[in-house]
Amino acid sequence: MPQVTLTVNGKTSTVEVEGRTLLVELLREKLRLTGTHVGCDTSQCGACVVHVDGESVKACTILALQANGSQVTTIEGLAKPDGTLHPMQEAFREYHALQCGFCTPGMVMSAIDLVKKHPDGLSEKEIREGLEGNLCRCTGYHNIVKAIAAAQEVMHGRAQALAPAAE
Amino acid sequence: MYDFEYHKPGSLADAVKLLSADPDARPISGGQTLLPALKHRLNKPTSVVDLSGITELKGIRKEGDKLVIGALAKHFEVATSEVVKAAIPALAQMAGTIGDTQVRNRGTIGGSVANNDPAADYPSAVLGLNATIVTDKRRIAADDFFQGMFTTALEPGELLVAIEFPIPEKAGYAKMRNPASRYVMAGAFVAKTGGTVRVAINGAGPGVFRQTEMETALSTNWSPEAVAGIKQDADGLNSDIHGSAEYRAHLVTVMAKRAIAAAG
């Protein structure tokens, strides 16, 4: 069987896969990183979004072998070893940007890529457009958009701490 | 998905060799169309040949009065390229509306054009701009390349290497998306290049096609009003649960007007 060597959340692994093995299957079933979810499996819902060499991609629509040699970041790789959450995770918590939580890992990974690509800041409209590839079926997106708007201020150093959500 | 062998050749010659040796091998780059098709078992390749490491297929550059885009250019790269934005802003704008961010981070122009999905965006830019498709064997004019639903002039084992776009004086694109799938219901790409006007329509028919009546009207009067009275014949257009042929025919005129307004 072919082998894939890739670095996931800073740890390098070599894993035997089939030609047809998807990156998300490698992450969940071989590396047991089950934070990356499979929602639709048809590249529409975005629950499986991870970063491959810094770009957000749908892990259900890339072969594991195509990620050979890549740096992959999943939701498990965002918090610091001491448990301090990434500003985007902290914002999702503070703004209650989730209900059932199923779409959340993909939302957070997409949101981080979106914010990183727009250092000058995103308007509410741009955030909504940027989330086109992520579906949430619970919250109606409003709190997700608010969380991303708040997190971008911290991520780009314009705010020391996350603005608290309104009561 | 059925299993297959995976190859990642380092050169165009090696890729062509692998694809020529096995008629059931399929090329892959972004895989944003091929992988969903394989999951549905619509296709059963014995092997997939990953083109993503082939330098000859990469790059975006201006060569004289042409913009040359390598087959492996991702939609995100085309959308954000300063070279594309300066030469053909309508093309960059179009690339920025394909699929979603994650699809644009993987999907490539070569894959989209070679696949020729009737609801894809790029084919109308290629046809509207009278681009030339460069393969490993020959050069093909856009008018000869697209041959209807998922069909092109590419022969088995032939690989799309790059697309050469003549730089137009004016160009614009507008589309109506299906509200759920976000695929194109009807789109229009209009371009004026060297005094010649071309109008390409995607999404509405079984393949991208030129709207010659609108081309004639725009040649003498480049304005949305010039096409406002031109009705697209609904005969032969797509008719499905998303919209009737008559609805799509109506959209063609609306999208053409918007595309001309966008071109300025």
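The model is a predicted one.

Chain A comes first. The domain assignment divides this chain into domain 1, residues 3-77, and domain 2, residues 87-155. An open sheet of five strands runs in the order E2-E1-E5-E3-E4 in chain A. Its pairing is mixed. Strands of a sheet pair through backbone hydrogen bonds, and the pairing can be parallel or antiparallel. E2 and E4 of chain A stand at the edges. Each has a single partner strand, so one side of each is left without a neighbour in the sheet. On average, neighbouring strands of this sheet are turned by 40 degrees against each other, direction ignored.

One pairing in this sheet joins E1(A) to strand E5 of chain A, residues 71-73. The two run parallel and are joined by two bridges. In E5(A), A:Gln71 stands opposite A:Thr7. A helix also packs on the sheet: helix H3 of chain A, residues 104-116. H3 touches E3 and E4 of chain A. Its direction makes about 40 degrees with that of E3(A).

Helix H1 of chain A spans residues 23-30. Its buried residues are A:Leu23, A:Val24, A:Leu26 and A:Leu27. Seen down the axis of H1(A), these residues fall within an arc of 165 degrees, so they line one face of the helix. An α-helix has 3.6 residues a turn, so residues three or four places apart point the same way. The cover over the buried residues of H1(A) includes strand E1 (3-8) and strand E2 (11-16) of chain A. After H1(A) comes A:Arg32, which has a positive phi near 60 degrees.

The two domains of chain A touch. Their centres, taken over C-alpha atoms, are separated by 21 Å. Domain 1 of chain A gives 15 residues to the contact, and domain 2 of chain A gives 11 residues. On the domain 1 side, the elements that give two or more residues are strand E3 (49-52) and strand E4 (55-58) of chain A. E3(A) provides the largest share of that side, with three residues. By class, the domain 1 side has six nonpolar residues, eight polar and one charged.

Chain B is assigned three domains: domain 1 (5-49), domain 2 (56-166) and domain 3 (170-263). The C-alpha centres of domain 1 and domain 3 of chain B lie 34 Å apart.

An open sheet of three strands in chain B has the order E1-E3-E2. The pairing is parallel. Strand E1 (5-7) and strand E2 (25-28) of chain B are the edge strands, and each pairs on one side only. Neighbouring strands here are turned by 25 degrees against each other on average, direction ignored. E2(B) pairs with strand E3 of chain B, residues 47-50, over four bridges in the parallel sense. Within this pairing, B:Pro27 has B:Val49 in E3(B) as its bridge partner.

Strand E10, residues 184-193 of chain B, is mostly covered, with eight of its 10 residues buried. E10(B) pairs with strand E9 of chain B, residues 170-177, in the antiparallel sense over eight bridges. Opposite B:Gly187 in E10(B) stands B:Lys175. Six residues lie between E9(B) and E10(B) in their hairpin. In that turn, B:Arg182 has a positive phi of about 70 degrees.

E10(B) also pairs with strand E11 of chain B, residues 196-202. This pairing is antiparallel and runs over seven bridges. B:Ala188 has B:Ile201 in E11(B) as its bridge partner. The hairpin of E10(B) and E11(B) has two residues between the strands. B:Gly194 in this turn has a positive phi of about 55 degrees.

The last contact is between the chains. Here 20 residues of chain B are in contact with 23 residues of chain A. On the chain B side, E1, helix H2 (34-39), E3 and helix H6 (101-104) each supply at least two residues. That side has eight nonpolar, six polar and six charged residues.

How values were computed. Residues are numbered from 1 along each chain as its sequence is written. Chains are lettered from A and ligands numbered from 1 in the order in which they are written. This is a predicted model: local features need pLDDT of at least 70, side-chain atom pairs count only at pLDDT 80 or more; totals for chains, interfaces and linings use all residues. Two strands pair if DSSP finds at least two bridges between them. Axes are lines fitted to C-alpha atoms, for helices over the stretch in contact, and angles run from 0 to 180 degrees between N-to-C directions. Domain bounds come from an automatic or database domain assignment. Two residues are in contact if their C-beta atoms, placed from the backbone, lie within 7 Å. Ala, Val, Leu, Ile, Met, Phe, Trp, Tyr, Cys and Pro count as nonpolar, Asp, Glu, Lys and Arg as charged, and the others, Gly among them, as polar. A residue is buried if 20 or more other C-beta atoms lie within 10 Å of its own, exposed if 12 or fewer, and partly exposed in between; C-beta atoms are placed from the backbone. The arc is that of the directions from the helix axis to the C-beta atoms.
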